[in-house]
Amino acid sequence: MHPPLSKHAQPLCVDFIEALENCHRDHPVAKFFGRCNRDAVLLNKCLGEQKQVWKEHSHQHGSFRRTSLQRVPEVDPNRRPSFSPASGSATRSKSKSNIQSQSQSQSQSQSQSQSQSQSQ
């Protein structure tokens, strides 16, 4: 059994694919009795060789990717991570007291706006 025989997906075996298709077309009944087995065997060998070529290429590409991913830039362990203010999130480098004072000022401004809306 072989994979779907598309010529663009199996570039190394185009001649063998055409030979098998021609045999099947020329001998529609005899193909069921082994008339095209020789062409099918040659095609299967070619597909096996092509698979080995692609396997080696994939292995080389994978080893290149692994080595490029292992090269991680050095990070200063004393540097604290921070987020950009453009994203709208607070920076992690703020101290706890700054965060508490901000939350208190926000709660005071909310209570003032509520009292103003109630007085109107």
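Me: Let's start with Cys 13: is it buried or exposed?

Reply: Keep in mind that this is a predicted model. The general idea is to look at relative accessible area, where under 20% counts as buried and over 50% as exposed. Cys 13 comes out at 0%, so it is buried.

Me: Which residue does Cys 13 pair with in a disulfide?

Reply: In general, a disulfide is a covalent bond between the sulfur atoms of two cysteines. Here Cys 13 is joined to Cys 46, with an S to S distance of 2.0 Å. The two cysteines sit in distant parts of the chain, 33 residues apart: Cys 13 belongs to the segment before α1 (14-26), while Cys 46 is in helix α2.

Me: What is the handedness of the Cys 13 and Cys 46 disulfide?

Reply: For that you read the torsion about the S-S bond. For Cys 13 and Cys 46 the torsion is about -100°, so the disulfide is left-handed.

Me: How many disulfides does the structure hold?

Reply: There are two. In the other one, Cys 23 and Cys 36 have their sulfur atoms 2.0 Å apart. This link bridges distant parts of the chain as well, with Cys 23 in helix α1 and Cys 36 in the loop between α1 and α2, 13 residues apart. The torsion about its S-S bond is -90°, and the link is left-handed. Cys 23 is buried at 7% relative accessibility, and Cys 36 is buried at 3%.

Me: What pattern do the disulfides follow?

Reply: Count the bonded cysteines along the chain, then write down who pairs with whom. In this protein chain you get 1-4, 2-3.

Me: Now Asp 39. Which residues does it touch, leaving out those up to four places away in sequence?

Reply: Asp 39 is in helix α2, and its contacts are Ala 19, Leu 20 and Cys 23. As for cover, Asp 39 has a relative accessibility of 13%, so it counts as buried.

Me: And the surface: which residues form a nonpolar patch there?

Reply: Look for Leu 12, Val 53 and Trp 54, which together have about 320 Å² of accessible area. Trp 54 is found in helix α2, residues 37-70.

Me: Why does Trp 54 count as partly exposed?

Reply: Partly exposed is the range between the buried and exposed cut-offs, 20% and 50%. Trp 54 has a relative accessibility of 47%, so it falls in that class.

How values were computed:
Residues are numbered from 1 along each chain as its sequence is written. This is a predicted model: local features need pLDDT of at least 70, side-chain atom pairs count only at pLDDT 80 or more; totals for chains, interfaces and linings use all residues. Side-chain values use heavy atoms; hydrogens and water are left out. Patches are made of residues with over 30% relative accessible area and no salt bridge: like charges are joined within 9 Å, nonpolar side chains (Val, Leu, Ile, Met, Phe, Trp, Tyr) within 5 Å. Accessible areas come from the Shrake-Rupley method with a 1.4 Å probe; for residues, only the protein chains shown count as cover. A salt bridge is a side-chain nitrogen of Lys or Arg within 4 Å of a carboxyl oxygen of Asp or Glu. Helices (H or I, at least four residues) and strands (E, at least two) are DSSP runs, numbered from the N terminus. Buried means under 20% relative accessible area, exposed over 50%, partly exposed in between (1.4 Å probe, protein chains only). Contact means heavy atoms within 4.5 Å. A disulfide is a pair of cysteine sulfur atoms within 2.5 Å.
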